[in-house]
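Q: Got a model I'd like to walk through. Can we take it piece by piece?

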Amino acid sequence: MLTLRTLCENRELELTVLVSGSAGALDTEVSWTHNTELPDPSPYIRRGELVMTNGLWHIAGHPAESFVHRVQGVGASGIVFGLRREMQATPADVITACRRAGMPLLELSVNVPFTALSQAAAHTLAEQRQSTLMASVRRGNALADAISSGTGAGGVLRVLRRDYDLRLAVVDRMGHLLGSAGADLTGDDLVVVARAVARRPPPLEVTLSNDPAVLFPVGAFGEADAALLCLRPAAALAEAEHGALEQAAHFLSMETARLHAVQATEMRFAGELVDMIFSGAGASQEFAARLKTFGIEAGDPLAVCALAIADEGAAVSPVPANAVMAFFVSEGVPAVVAPGGRDTVAIFPWRLTEEELAASMARLLGVLDGQFPERRVVLGHGGPAGDSTKLRVPLMEAREACQLLARGSSASRMARFAELPSHSALLGRLDGQVVQRFADALLTPLRDHDVQRGTQLELTLRTFLANEAQFAATADALYIHVNTLRKRLVRIGELTGRDPLKFEGRVDLFLALEADALMRS
C-alpha cells in the first residue's frame, strides 16, 4: 500500500514531515498525487490523493487556512509543500493551518521536482498492482479453509510442519521446485523426481543425492503432475505421518486441478487471440481488451515467437505451454502463450532492440534445451511489430520459420523468417500437396527411368547443379566423358520437359529437388 510513510522512507525524495496529522495519518493509503496551484483545488481532487503545491496561491495572497480546509474537505491524504529558490522554507501559516486541521504536511527539498515524487508513487503502485494480479491468478477460486491457510504448496507444507518434524518438498513433472520446508534439493535431485513423476505408475520411493525419499503422487484427472516428497525412508514413517502426507497429497491434487482450470482458460483465451490476429481483428477494441487481461497494451511494440519439438522420425509437436510461460514469468515479461497443433506461439511486449530480442530468444531456447535434453526444440521469431495491428505478418513469419526449422531447412534451431534460405521460405509458404505434386511431376520420370534402365539421371542432375552447371567439373565428379554428360542432360530435358542447359530449366529442376527434400524431412 502506498502511504505517506513509504514515501518519506524513500531517502531520494528528501521529504521532511512538518505535521504528522491525526493518529495514523501517515499510514493511510495514498491513491495518487495531484499537483495544483489553485487557491481552491477541491473540485479536482479525489479522495486519498496527495496534494503537491509550490504555494503560488500563497504568494498571491490567498489564506493558508482556506486552502487547507478545502483540501481536507474532499478527503486528501496530505499536502506536500515543494520548496523553490524563491521560497526556502514552508510558510509558518501553512504549517499552523495543517496542525489545526490535523492534516499531514510534508516538505519537499528544493533539489527534488514533483515529477520524482509522482514517479516514486507510480512505481510503488505498479509493483502493488503486479503483485496483486499474480496472487489473484495463482489463488483463483478459494477451494477450502485449508487453502486459505497457506499459499500454494508452500502453505500446505507449513501446515504439515506444524504437526510433524518432516523435511518436505513439492516438485512438478518439469523438475520445478514448487515448495520446500526443511528440504534442500539439488538440480540433479529435481531431475530424478521429474523422471519418477513421468513414470506410469510413479515409484513409491526414490533415491536422491543425500537421502532416500518417499514419493506421493499429486495430480488431477488421474494423471501425476507433481510429487510430494518426504526425505525419509518409507519404513521410518509412522502411520500417522504417512496418513497426513497422503491427505496433503490429495489437497495438493485439488490445487493442481484448480491450476489446470486456470491454465486451460488462459490457453483458450490465448488461442482465440491468435485466431483473431489471423482473421485481421488485431485492431478491434475486443482484441485490445483481451490482450490487456494478460497485462499487455495493444499499442505497445510487440514481438512473437513460435516453438516446436522436431524429433527425428516423429511428427512436429508444440512445446509445452507451461514451460514457455515459466520462462517469461522468470524474465518478468507478460506474455500470451497459445499452444497449437504443431507449435506453441508466444506474443509479448518488446521495447528493446532486435539484437536484444534475439538474445532473449536464445535464452528461452537454452532453458527449453535444459528441460528437454533429448528433444530437438526449434524457435522461429518475428517482430517487433509497432503495435497489435501489425502482428499478423510477424506471427505468420514466426510460425513459418519454426516449421521450416523443424523440417531441417536450416542447420540452425533458431531463426527469423528472413534469415532462412529464400527458396525454402517460399516453398514453406505453399500448400504441401501442391509442392509435392510439383516435385513428383519432374522427378518421378527420372527415377522411373533410372530403375528401369539402370541409369543415373537423378544423380547426374544433382551433381550438375551442385557444380554450378560446369561440364568439366561434373564429368570429373561422375567419372564420365563430357559427351556422355551432354547426352544425359538432353535425356533429362526430354523426360522432365525442363532443359537443364537453360537457366530457367535448371531453376525448376533445382526447386523440384528442394521441394522433394522439404516434404520428406
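Q: Where is Arg375 found?
A: Arg375 sits in the loop between helix H12 (354-371) and strand E15 (377-385). Helices (H or I, at least four residues) and strands (E, at least two) are DSSP runs, numbered from the N terminus. This is a predicted model: local features need pLDDT of at least 70, side-chain atom pairs count only at pLDDT 80 or more, and totals for chains, interfaces and linings use all residues. Residues are numbered from 1 along each chain as its sequence is written, and side-chain values use heavy atoms, with hydrogens and water left out.

Q: Is Arg375 buried, exposed or partly exposed?
A: Arg375 counts as partly exposed, because its relative accessibility is 37%. Buried means under 20% relative accessible area, exposed over 50%, and partly exposed in between (1.4 Å probe, protein chains only).

Q: What does Arg375 touch, leaving out residues up to four places away in sequence?
A: Ile309, Asp311 and Ser317. Contact means heavy atoms within 4.5 Å. Arg375 and Ala310 are 65 residues apart in sequence, with their C-alpha atoms 7.3 Å apart.

Q: Switching to helices. At what angle do H17 and H18 pack?
A: Helix H17 (residues 471-478) and helix H18 (residues 482-496) pack at about 100 degrees, and their axes are 9 Å apart. So H17 is roughly perpendicular to H18, a label for angles of 65 to 115 degrees. Axes are lines fitted to C-alpha atoms, for helices over the stretch in contact, and angles run from 0 to 180 degrees between N-to-C directions.

Q: Which residues make that contact?
A: H17 gives Phe471, Thr474, Ala475 and Leu478. H18 gives Val482, Leu485, Arg486, Arg488 and Leu489. By class, that is six nonpolar, one polar and two charged residues. Here Ala, Val, Leu, Ile, Met, Phe, Trp, Tyr, Cys and Pro count as nonpolar, Asp, Glu, Lys and Arg as charged, and the others, Gly among them, as polar.

Q: Now sheets. What is the strand order in the open sheet with antiparallel pairing?
A: E7-E6-E10-E9-E8, five strands. Two strands pair if DSSP finds at least two bridges between them.

Q: Why does one side of E7 and of E8 lack a neighbour in the sheet?
A: Strand E7 (177-181) and strand E8 (205-207) stand at the edges with a single partner strand each, so one side of each has no neighbour in the sheet. The twist averages 25 degrees from one strand to the next.

Q: How many bridges link E6 and E7?
A: Four, with strand E6 (residues 168-172) antiparallel to E7. Val170 stands opposite Gly179 in E7.

How values were computed
Parallel < 35°, antiparallel > 145°, perpendicular 65-115°, else oblique.
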